[in-house]
Amino acid sequence: ELASQRLFGPGATVAIALAVTAAALGCLSAGSAPAPRIVYALSRDGLFPKPFARVHPRFQTPSFAIIVQAVWMSLLCLSGRYDQLYTYATFAVILAYMATGIALFVFRRTRPAQARPYRCWGYPIVPAIFVGTSALLAVNTVRQQPRETLAGLGILLLGVPVYVWMRA
């Protein structure tokens, strides 16, 4: 607050606070909108419990998945500080990105005849750098915040029994 007042005058504090609020709401929207739709698609494909495939009759949105995510996110928000929650989520995203990069190599090797509608520029160097830097970032996150990353990994691993159960 003091920095914005000194740099831009007293009126700037409100404008900067509004800009930060708008950015936070944008991040919230971008982070919360895809998750219920992913769970909905998994459920529709038989890889997640059936209730998550329910669609609202009027709005055609995955209503059950949205409600469950809202409850889960609320419980998480009550369980810790922002930086802890951010680390939980970020660590999981880093692992997902790394797995996506590794999958590129796996699919190129195991499915060489598969159609490739999109070519990866700089293959194999660019994806190898991506996987390597993702791994370094994951290792650094574990070193810097071991409790939070292990908790995030634990939350992520809670889904494995559900996945195995649904596959059977």
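Me: Contact here means heavy atoms within 4.5 Å. The model is a predicted one. Leaving aside neighbours within four places in sequence, with which residues is Gln-69 in contact?
Reply: Gln-69 is found in helix H4. Once its neighbours within four places in sequence are left aside, the residues in contact with Gln-69 are Gly-31, Ser-32, Ala-35 and Pro-36.

Me: Is Gln-69 buried or exposed?
Reply: A residue counts as buried under 20% relative accessible area and as exposed over 50%. The relative accessible area of Gln-69 is 15%, and therefore Gln-69 is buried.

Me: Which residues are the closest to the centre of the largest pocket?
Reply: The largest pocket has a volume of about 2100 Å³. Its lining is made up of 40 residues, and those closest to the centre are Ala-35, Gln-69, Trp-72, Leu-76 and Ala-89.

Me: Which element gives the largest share of the lining of the largest pocket?
Reply: Two or more lining residues come from each of helix H2 (12-32), helix H3 (34-44), helix H4 (63-79), H5, H7 and helix H8 (159-167). The largest share is nine residues, and the element that gives it is H5.

Me: How many charged residues does the lining of the largest pocket have?
Reply: Asp, Glu, Lys and Arg are the residues that count as charged. By class, the lining of the largest pocket has 34 nonpolar and six polar residues, and the number of charged residues is none.

Me: How many charged residues does the lining of the second largest pocket have?
Reply: The second largest pocket has a volume of about 210 Å³. Among the residues that line it are Arg-108, Arg-111, Arg-116 and Arg-119, together with others including Phe-107, Tyr-118 and Cys-120. By class, this lining has seven nonpolar residues and one polar residue, and the number of charged residues is four.

Me: What distance does helix H6 reach from its first C-alpha to its last?
Reply: Helix H6 covers residues 125-144 and has 20 residues. At 1.5 Å a residue, 28 Å is expected. The reach of H6 is close to that expectation, at 28 Å.

Me: What arc around the axis do the buried residues of H6 cover?
Reply: The buried residues of H6 are Pro-127, Val-131, Ser-134, Ala-138 and Thr-141. They lie on the same side of H6 because the arc that they cover around the axis is only 90°.

Me: Against which helices do the buried residues of H6 pack?
Reply: The face turned away from the buried side of H6 carries the exposed residues Ile-125, Ile-129, Leu-136, Arg-143 and Gln-144. The buried residues, for their part, pack against helix H5 (82-110) and helix H7 (146-157).

Me: With which residues is Ile-94 in contact, leaving aside its neighbours within four places in sequence?
Reply: Ile-94 is found in helix H5. Its relative accessibility is 7%, so Ile-94 counts as buried. Among the buried residues of H6 are Ser-134, Ala-138 and Thr-141. With neighbours within four places in sequence left aside, the contacts of Ile-94 are Ser-134, Leu-137, Ala-138 and Thr-141.

Me: Is Ile-67 buried or exposed?
Reply: The place of Ile-67 is in helix H4. Ile-67 is 31 residues from Pro-36 in sequence, and their C-alpha atoms are 8.7 Å apart in space. The relative accessibility of Ile-67 is 53%, and the cut-off for exposed is over 50%. Ile-67 therefore counts as exposed.

Me: Which residues does Trp-121 touch, not counting residues up to four places away in sequence?
Reply: Trp-121 lies in the loop between H5 and H6. With a relative accessible area of 71%, Trp-121 is exposed. Not counting residues up to four places away in sequence, Trp-121 touches Val-126 and Pro-127.

Me: Which residues does a cis peptide bond join?
Reply: Most peptide bonds are trans. The cis bond has an omega of about 5°.

Me: What is the phi of Gln-60?
Reply: Most residues other than glycine have a negative phi. Gln-60 is found in the loop between H3 and H4, and with a relative accessible area of 56% this residue is exposed. Although Gln-60 is not a glycine, its phi is positive, at about 55°.

Technical notes
Residues are numbered from 1 along each chain as its sequence is written. This is a predicted model: local features need pLDDT of at least 70, side-chain atom pairs count only at pLDDT 80 or more; totals for chains, interfaces and linings use all residues. Side-chain values use heavy atoms; hydrogens and water are left out. Helices (H or I, at least four residues) and strands (E, at least two) are DSSP runs, numbered from the N terminus. The expected span of a helix is 1.5 Å times one less than its number of residues. Buried means under 20% relative accessible area, exposed over 50%, partly exposed in between (1.4 Å probe, protein chains only). The arc is that of the directions from the helix axis to the C-beta atoms. On a 1 Å grid over the protein atoms alone, a cavity is a set of points where a 1.4 Å probe fits but cannot get out, and a pocket is an open set with protein on both sides within 12 Å along at least five of seven lines; lining residues have an atom within 4 Å of a point. Grid points are joined across faces, edges and corners, and a volume is the space filled by probe spheres set on the points.
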